[in-house]
Amino acid sequence: MKQSRLFTKTRKEVPADEVAKNAQLLIRAGYVYKEMAGVYAYLPLGLMVLEKIKGIIREEMDALGGQELIMTSLQRKEVWERTDRWSDEAVDVWFKSTLNAGGDIGFGWSHEEPIAEMMKNYITSYKDLPIAVYQFQTKLRNELRAKSGVMRGREFVMKDMYSFSVGEEDHTQFYNAVIDAYTRVFDRLGIGEDTFVTFASGGAFTKFSHEFQTVTDAGEDVIYINREKGIAINAEVLSDDSLNDLGVSRDELTEVKTAEVGNIFNFGRQKAEDVGLSYRSESGEDVPVWMGSYGIGVTRLLGVLVEKFSDDRGISWPASVAPFTVHLVELSGGDRELKDFADGIYQGLLDRGIEALYDDRDVRAGEKFADSDLMGLPYRVIIGKRTKEEGKFEIVERATGEVTLLSEDELYEKFVTSVSK
Ligand code: ATP
Ligand code: MG
C-alpha cells in the first residue's frame, strides 16, 4: 500500500483524554480512532492487525474442529431470564433497550445462553455430537471503568467458542485440547513466555475456571506465579484452601500484574440443565449435554501487544500480526530517477507477495523515519542515493535496530522466506 494514499495520518501529540499507552500509540500511529471512552473504531491499519490476530485464532479453532458462525447482537430477555441472568443485579454490564413494537431486548455482552438455546434446534441425538462452534463478535458491555484503552472496551471483539459433548471423557479431552490450542495462539502472537494458564474464580462444574493471563503493568489483574512449577493463581482465589489443592505454598509464588487475555469454563452438564439442552442417548434417555465455553479477548490482545512491544519511539509489532512486513522508505528528495527506481522495488515486493507499506510521500527523511518508528512494521528498507548507485539496500529491524545491507535479490529472498513461514 502506498502511504501517500493512506487517509490516516500520524500525530505527534498524545490525545489529552487518553491515559493508556496502548491507546495513545494506536491513535497517534493511525490504527484506531476513539469515538468515546471505551469505544474505538479500527482504521485500515488497525483492522489489518485485528484480522491477523483473528487469522491465527481461526486456524487454531478450525484445527479443533470448530465451526465458525456469527450470533446476533440483539438478544431475547426470556433466554436470559431462564438462567436468572437478565437482571442488572445478576449481570452488572447489561445494555438494554425496548423495541418500538413492544418488548425488552438486551445487547449481547455474552452469548452463552443464546447459543445453548439455539442448539436445542440442532442437537437431538447422541449422533449429533460432538459439536464446537465459535464466532468473532462485538460484545457490548456497560463497563464502569474504561481507562485501559482498547484493553477494556464498552464495545470490543471477542472470540467465543462453545463445545457440546456426549460424555465426560470427550468433554474433558476437548477442554484440554483448547488449553493447548490457546497456548499455541499466544505463542504465535509472541506472548507465550509471559502468558500463564491461571486458576481463577467462575468455576461452575469445576472449582476453578482457567484464565490466560499475560504479564503486563497495564493489566488490571494480579496473579501469583511459579514459573518452574508452571503454576499460576489469580489473587481472587488465593487462599490456604486453594494453595493446598494445587500443592504449592505461598512463599513459592511471585506476585505479578497481568491482563486476562482468555478465559475458559467447564460447565459440566449444569448449563445445559439450566437451559434445557439435552440429547437422546443410545439407550433412549434424555440427558443434558456436556458444555464448555472458551473466550479470547481479540481487541484486548491488540492492546496487550502494544503495551509489550513498544518503546519511546512507538510500536514494534511481532511479525505474525504486523499490518505489513516491510516499510519501504524512499528518500528520493524529488529525484525522478531515484523515485522510479524505488517504485520498481515496491512493485518487486508486491510481485512476490511480500506485504509492504511504501512511504512514497514527499516529506523529509526525519519525518519518514519518525513515522516508521511509530507505526512499528518489523523491517524498514531504505532507498537513498547510495542504494541505487551501489546496489545495496539498508534493512533496519524495528525491534533490535540491527542494520543489514542486502542486494536486491537478497532483499526479496529474505522476505519471501518470511512470507512462507
Ligand atoms: P474482565 O475480568 O477483564 O472484566 P471478564 O472475565 O468479564 O473480563 P470474560 O467474560 O471472561 O471477561 O470474556 C472473555 C475475554 O474477553 C476476557 O478474557 C478478556 O480477554 C476479554 N474481555 C472481557 N471484557 C472485556 C472488555 N471490556 N474489553 C475488552 N476485552 C474484554
Ligand atoms: Mg473472565
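Tutor: Two residues are in contact when heavy atoms lie within 4.5 Å. This is a predicted model, where local features need pLDDT of at least 70, side-chain atom pairs count only at pLDDT 80 or more, and totals for chains, interfaces and linings use all residues. Residues are numbered from 1 along each chain as its sequence is written, and side-chain values use heavy atoms, with hydrogens and water left out.

Student: Which residues does E60 touch, not counting those up to four places away in sequence?

Tutor: E60 touches A181, R184, V185 and R188. E60 itself sits in helix α2, residues 44-63. Helices (H or I, at least four residues) and strands (E, at least two) are DSSP runs, numbered from the N terminus.

Student: Is E60 buried or exposed?

Tutor: Buried means under 20% relative accessible area, exposed over 50%, and partly exposed in between, with a 1.4 Å probe and protein chains only. E60 has a relative accessible area of 8%, so E60 is buried. Of the 421 residues of the protein, 52% count as buried.

Student: How do I read a sheet?

Tutor: Strands of a sheet pair through backbone hydrogen bonds, either parallel or antiparallel. Here, two strands pair if DSSP finds at least two bridges between them. One open sheet has three strands in the order β4-β6-β5, with antiparallel pairing. Its edge strands are β4 (74-76) and β5 (96-98), each pairing on one side only.

Student: How many bridges join β5 to β6?

Tutor: Three bridges join them, and β6 covers residues 104-107. As for T98, its bridge partner in β6 is D104.

Terms used
Chains are lettered from A and ligands numbered from 1 in the order in which they are written.
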